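Student: I have a structure open and a few things to ask about it. Can we go through it piece by piece?

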Amino acid sequence: MVRRPVAWVVALVLFGEAFGIAALNWFLGVVVDRQDMSLAGLDPHMMSVSSKIGGIAFGLYFALCGLVALLVALRDRPPAGLGRVLLISAAVVHGLLGAFTWGLVGWPAFLFMMLVLGLIVLLLMTYDRPAEPVIAPPAPTTP
């Protein structure tokens, strides 16, 4: 079966992405703090702090999505409830990030985002249960 390995890969990728996005935003916050320049009159310290807070929040979001994928891999059961919603929202976020990265960063980043999007969708689809055929009870016969 391909279900559990896909769940493991999705969990690892999301954990790595959580660390990467948090580290990138932290680095950008440090750069803004050391620039000591204002952008349209905004306080550089406030921009630095908000970049760090945003990076931590976004990193925690991806880590939570990675935890859901890890639980799916460990239990070999489909995500349910909030976990399913988190994975669907992560797929939507990767689709949007892919669209932005195509223009801003380039096609390699776009391909990475689409790869992660495909993995999340594959995880959701492989654990999707097929609809049980509804069998009507036999009609009662009257003698």
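**Helices and their neighbours**

Tutor: Phenylalanine 19 is exposed, at a relative accessible area of 63%. Keep in mind that this is a predicted model.

Student: Where is phenylalanine 19 found?

Tutor: Phenylalanine 19 is in helix α1.

Student: And how far apart are phenylalanine 19 and leucine 82?

Tutor: Their C-alpha atoms are 22 Å apart in space, and in sequence phenylalanine 19 and leucine 82 are 63 residues apart.

Student: OK, helices. At what angle do the axes of α1 and α2 cross?

Tutor: At roughly 175°, and the axes of α1 and α2 come within 8 Å. An angle over 145 degrees counts as roughly antiparallel, so α1 is roughly antiparallel to α2.

Student: Why give both an angle and a distance?

Tutor: Because two packed helices are described by the angle between their axes and the distance between the axes.

Student: What classes of residue are in the contact of α1 with α2?

Tutor: The contact of α1 with α2 has 26 nonpolar residues, along with eight polar and four charged ones.

Student: Next pair. How do α2 and α3 cross?

Tutor: The axes of α2 and α3 cross at roughly 125° and come within 9 Å. That makes α2 oblique to α3.

Student: Is that crossing left-handed or right-handed?

Tutor: The crossing of α2 and α3 is left-handed.

Student: Which residues make the contact?

Tutor: From α2 they are Phe58, Tyr61, Phe62, Leu64, Cys65 and Val68. From α3 they include Gly83, Leu86, Val93, His94 and Leu97. By class, the contact of α2 with α3 has 11 nonpolar and three polar residues, with no charged ones.

Student: What about α3 and α4?

Tutor: Helix α4 covers residues 107-126, and the axes of α3 and α4 come within 8 Å, crossing at roughly 160°. α3 and α4 are therefore roughly antiparallel to each other. Their crossing is left-handed.

Student: Which residues of α3 and α4 make that contact?

Tutor: On the α3 side they include Arg84, Ile88, His94, Leu97 and Trp102. On the α4 side, Trp107, Phe110, Met113, Met114 and Leu117 are among them. The residues of the contact of α3 with α4 divide into 17 nonpolar, four polar and one charged.

Student: Let me zoom in on histidine 94. Is histidine 94 buried or exposed?

Tutor: Histidine 94 counts as buried, because its relative accessibility is 0% and the cut-off for buried is under 20%. Its place is in helix α3.

Student: What is histidine 94 in contact with?

Tutor: Leaving aside neighbours within four places in sequence, histidine 94 is in contact with Leu14, Glu17, Phe62, Met113, Met114, Val116, Leu117 and Ile120.

Student: And how far apart are histidine 94 and leucine 74?

Tutor: Their C-alpha atoms are separated by 24 Å, while along the chain histidine 94 and leucine 74 are 20 residues apart.

Student: How far is leucine 97 from methionine 114?

Tutor: The C-alpha atoms of leucine 97 and methionine 114 are separated by 9.1 Å, and the two are 17 residues apart along the chain.

Student: Changing topic: how many salt bridges does the count come to?

Tutor: The count comes to one salt bridge. The side chains of aspartate 76 and arginine 3 meet in that salt bridge, at 3.7 Å from N to O.

Student: Where do aspartate 76 and arginine 3 sit?

Tutor: Aspartate 76 is in the loop between α2 (44-75) and α3 (82-104), and arginine 3 is in helix α1 (residues 3-35). The pair is 73 residues apart and links distant parts of the chain.

Student: How exposed is arginine 3?

Tutor: Arginine 3 is partly exposed, with a relative accessible area of 24%. Aspartate 76 is also partly exposed, with 28%.

Student: What is the phi of aspartate 76?

Tutor: Aspartate 76 has a positive phi of about 55°, although aspartate 76 is not a glycine.

Student: Last one, glycine 54. Where is the place of glycine 54?

Tutor: Glycine 54 is in helix α2. It counts as partly exposed at 33% relative accessibility. Glycine 54 and aspartate 33 are 15 Å apart in space, C-alpha to C-alpha, and 21 residues apart in sequence.

Definitions and conventions:
Residues are numbered from 1 along each chain as its sequence is written. This is a predicted model: local features need pLDDT of at least 70, side-chain atom pairs count only at pLDDT 80 or more; totals for chains, interfaces and linings use all residues. Side-chain values use heavy atoms; hydrogens and water are left out. A salt bridge is a side-chain nitrogen of Lys or Arg within 4 Å of a carboxyl oxygen of Asp or Glu. Helices (H or I, at least four residues) and strands (E, at least two) are DSSP runs, numbered from the N terminus. Buried means under 20% relative accessible area, exposed over 50%, partly exposed in between (1.4 Å probe, protein chains only). Axes are lines fitted to C-alpha atoms, for helices over the stretch in contact, and angles run from 0 to 180 degrees between N-to-C directions. Angles under 35 degrees count as roughly parallel, over 145 as roughly antiparallel, 65 to 115 as roughly perpendicular and the rest as oblique. A crossing is left-handed if the near helix is turned anticlockwise from the far one by less than a right angle, and right-handed if clockwise. Contact means heavy atoms within 4.5 Å. Ala, Val, Leu, Ile, Met, Phe, Trp, Tyr, Cys and Pro count as nonpolar, Asp, Glu, Lys and Arg as charged, and the others, Gly among them, as polar.
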